[in-house]
Amino acid sequence: MKAYQHLFRSTLLVAFTAVMTTHAATAKPYPAGTELAKTQEIVLNNGAEVTSIDPAKQAAEPAFNLGRDLFEGLTVQDKLGRTIPGIAKSWKVNDNNTVYTFTLRQSRWSNGEPLTAHDFVYSWQRLINPETASPYAWFAAIPGIKNSAKIMAGQVSATELGVKAIDDLTFEVTLEKPVPFFIKLLSHPVLAPVHQTTVETYASQWTQPQYIVTNGAFIVSEWKVNEKMVMIKNPNYWNADNVIIEKVTWLPIGDANVSLNRYLAGDIDQALFIPAAQKSKLLKQLPEQVANTSASLGSTFYYLNTAKGPTKDVRVRKALSYAIDRDVLTKAIVKNGGIPMYTLVPPQTDGFTSHTPEFATWTQQQRNATAQKLLADAGYSRSNPIKLTFTIPTFSKDVKMATALVGMWKSVLGAQVEITQLEPKVFYALKDPGNISRGGWTADYNEASTWLDIFVSTGEYNDSFYNNPEYDRLMSESKSLSDPSQEYIAAEQLLIEDMAIIPVYRNGNDQYLIKPHIGGYERTNPESSYYRKNVYVKAH
């Protein structure tokens, strides 16, 4: 009971903070005295074409990035990653922290119709409904919304989900057990509402520019697949008076060299990924265009197929991980402030203290020697080399990383690894990634379970096909604890001991280029959650 009382007091503070920060959330995004440009338009690179901008169909960061501009959920985040009001202007929780009641602000869809609590009921039920086939349905089940597991298993109707419209402006959510980080989940783009009539009238076509109805700061005016997406300001957005940007054009350029050249030619206003060969020189040449990005809550790792093929053998998986020189990868190839990782969860995660696996303390020579012995014990040799498949998206950085990894595996282990490159939207939809595939995760919320939940045996993104009953038990038990830190540490230890993945690096502080007349685009949010409604163009 004491844990519940402490949690209740904390949640009341969150509710109070939500009310107090509402005014701040409606302020102008620029400092007083700023001279604005007459034309408020920007061009940005999203890195890849997306498979969908339907909140229930979004599956990776490029889609989430667009989703944050088009749709707004109960909450959003500020530039430091703190939860602030979105469509919900305040919220409260009952005595045992299982029933949350949200008071919605009066807002409208882009077609002028009122947005109500009924829209959230419909949208959340649609997200978790197996018939929707959402790749992120599991996200609604993380906090244990009442009946979510049964709905996903097809045992009860989606209408039984624990959500209710008390009236047009009051939305209620019932959890099966208290979950301390529930409020942190709510800013995720997949939990944003959708317009029921539009979805049901136009089905899979509802997100096309001629049909789409949004509730965020922008609407889609043009979408040419593999060429560009154009968003314009939504005049019916609840805070439209404080949205300065009138037009955002998104380009789906996956090649960092091409993107940089477009930036230097003045076609793009921001260059986030600068090829290592040019980075130092450009940062010195263009000091007025250099900006800093804070370390994000992201990890880059590689999935190892634990269910079949050579990587089913844990000795093979460990050999592949040990044979990687992470220092060389981060310093000589990545060159983006990356920090070598030997575990999954970034150490800056709120309330989490990671462990240090023994192999992380070895020299690279020790790791190489151990890797060679493990592979030999598994039955492989120079005369009987291990043969593997490696699947990656066509992003230039991923290609360079994969090439380097394959070189290390060949040099240390004599491994023969075939790389398969796929267009990003094909890669993200892939169901059979082969022996090794590129992974990586940016936090959906600032809590360790956002990474660890991936690898439960039923996880939607468990491309390692990892299945350890003890791991599943730990992660299930953690959901009902006010302090699950020990369960998280034990689960991560199991994951790394079983080497279901190869952790490689996490992002550190980095520098990038942005036109000096672009304001309000500070990249300080640890979850990489950015909103173009905060951006403005200064007179230049």
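## Close-up views of a predicted model

View 1. Arg-68 counts as buried, because its relative accessibility is 10% and the cut-off for a buried residue is under 20%. In this predicted model, the side chain of Arg-68 meets that of Glu-61 in a salt bridge, with 2.9 Å from N to O. Glu-61, by contrast, is partly exposed, with a relative accessible area of 29%. Side chains of opposite charge can pair in this way when their charged atoms come close.

**View 2. Confidence along the chain.** The mean pLDDT of the chain is 91, and 95% of the residues reach 70 or more. Over residues 1-24, however, the pLDDT is below 50, although this stretch has 28 contacts in the model beyond near neighbours in sequence. Where pLDDT is low, the predicted coordinates should not be read in detail.

View 3. The strands follow the order β4-β5-β9-β8, and their pairing is antiparallel. Strands β4 (88-93) and β8 (163-167) stand at the edges with a single partner strand each, so one side of each is left without a neighbour in the sheet. From one strand to the next, the twist averages 25°. Five bridges join β4 to the antiparallel strand β5 (residues 99-104), and within this pairing Val-93 has Tyr-100 of β5 as its bridge partner. Helix α3 (residues 117-128) packs on the sheet, where it touches β5, β8 and β9 (170-174), and its direction makes about 170° with that of β8.

**View 4. The largest nonpolar core around Trp-409.** This core has 140 residues, and among those that touch the most other members are Trp-409, Phe-390 and Leu-413. Helix α13 (residues 396-413) gives the most to the core, with nine residues. Leaving out residues up to four places away in sequence, Trp-409 touches nonpolar partners including Leu-320, Ile-324, Phe-390, Val-417 and Ile-502. A second, separate core has eight residues, including Ala-271, Leu-282, Leu-286 and Leu-513.

**View 5. Strand β15, covered on both faces.** In a regular strand the side chains alternate between the two faces of the sheet. In β15 (residues 298-304), Gly-298, Thr-300, Tyr-302 and Leu-304 lie on one side and Ser-299, Phe-301 and Tyr-303 on the other, and all of them are buried. Five bridges join β15 to strand β21 (residues 501-506), which runs antiparallel to it, and here Phe-301 stands opposite Pro-503. Three bridges join β15 to the antiparallel strand β19 (residues 436-438), where Tyr-302 stands opposite Arg-438. Two further bridges lead from β15 to strand β20 (residues 441-442), again antiparallel, and Gly-298 stands opposite Thr-442 there.

**View 6. Ser-107 and the residues around it.** Ser-107 is found in strand β6 (residues 107-108) and is buried, with a relative accessible area of 8%. Apart from neighbours within four places in sequence, Ser-107 is in contact with Ile-87, Glu-113, Pro-114, Leu-115 and Trp-238.

View 7. The side chains of Asp-432 and Lys-308 meet in a salt bridge, with 3.6 Å from N to O. Asp-432 lies in the loop between α14 (424-428) and β19, whereas Lys-308 lies in the loop between β15 and α10 (314-322), and the two are 124 residues apart. Asp-432 counts as partly exposed at 43% relative accessibility, and Lys-308 is partly exposed with a relative accessible area of 46%.

Methods:
Residues numbered from 1 in each chain as written. Predicted model: local features only at pLDDT ≥ 70, side-chain atom pairs only at ≥ 80, totals over all residues. Heavy atoms only, no water. pLDDT = per-residue confidence, 0-100. Contact = heavy atoms within 4.5 Å. Pairing = 2+ DSSP bridges. Helix = DSSP H or I, 4+ residues; strand = E, 2+ residues; numbered from the N terminus. Axes fitted to C-alpha atoms, helices over the stretch in contact; angles between N-to-C directions. Core = buried A, V, L, I, M, F, W, Y, C linked by side-chain atoms within 4.5 Å. Buried < 20%, exposed > 50% of the residue type's maximum accessible area, 1.4 Å probe, protein only. Salt bridge = Lys/Arg side-chain N within 4 Å of Asp/Glu carboxyl O.
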